[in-house]
Amino acid sequence: MQFKSVLVIGAGLFLPLAGVGAQTSRTAEEAALAKLDLSQKEMVARADDQGLTALSAPELTINAPTGRVLSRDQFLAMMRDGRIGAEDFERTVESISISGHVGVVMGSEVFTPTAQSELGRIYGAVPLRRRYTNIYQRNHGRWLWFARHANVVPRKAASIP
């Protein structure tokens with residue numbers, strides 16, 4: 001398994017995760033949030049229950065690409081029992097905005113679910129193009145993952161430039 005992270009900062013500039021803090025037009029706070037978002041992706045890719053528990057706000061709510069809304073407890077249970085699982089996972093951060101104590105990260109993903117996962121049973125263990133939004137809330141100086149929306153882009157729409 002190889003999990004890739006790509007961060008898009010500004011028009012046409014691609015930086016690997018290690019380059020998040022490189023010379024960009026983003027503020028240091030936006031770069032830090034982008035790095036955290038890519039860390040969140042890595043936690044999902046590794047099914048890192050402890051990391052995701054620490055990162056997630058108790059109120060975490062996810063509009064999942066399976067068409068269901070999940071609570072934090074439901075999401076973590078699904079990670080633990082394999083109903084959420086990745087063979088491969090790439091993410092491209094396209095937009096970061098911060099207003100007060102709220103940070104919003106948007107972009108695209110290519111997610112290959114495991115065959116036994118819920119997405120794998122629906123679509124098969126094939127690469128799925130997705131759009132995503134992660135919302136973070138700053139709490140006592142620390143960003144917590146507060147909400148997420150992700151949807152699978154239909155194959156016909158995925159091929160449109």
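Read along the sequence, the chain follows the pattern β-β-α-α-β-β-α-β-β-α-β-β-α, where helices (H or I, at least four residues) and strands (E, at least two) are DSSP runs, numbered from the N terminus. This is a predicted model, in which local features need pLDDT of at least 70 and side-chain atom pairs count only at pLDDT 80 or more, while totals for chains, interfaces and linings use all residues. Residues are numbered from 1 along each chain as its sequence is written, and side-chain values use heavy atoms, with hydrogens and water left out.

**Overall make-up**
- The secondary structure comes to five helices and eight strands.
- Of the 161 residues in the chain, 43% are buried, meaning under 20% relative accessible area (1.4 Å probe, protein chains only).

- Leaving aside neighbours within four places in sequence, Phe-75 is in contact (heavy atoms within 4.5 Å) with residues including Leu-52, Ile-62, Leu-70 and Trp-145.

**Pairing of β3**
- β3 and β8 pair in the parallel sense over four bridges, where pairing requires that DSSP finds at least two bridges between two strands, and Thr-61 stands opposite Ala-147 in β8.
- Three bridges join β3 to the antiparallel strand β4 (residues 69-71), and Ile-62 stands opposite Leu-70 in β4.

Key:
Buried < 20%, exposed > 50% of the residue type's maximum accessible area, 1.4 Å probe, protein only.
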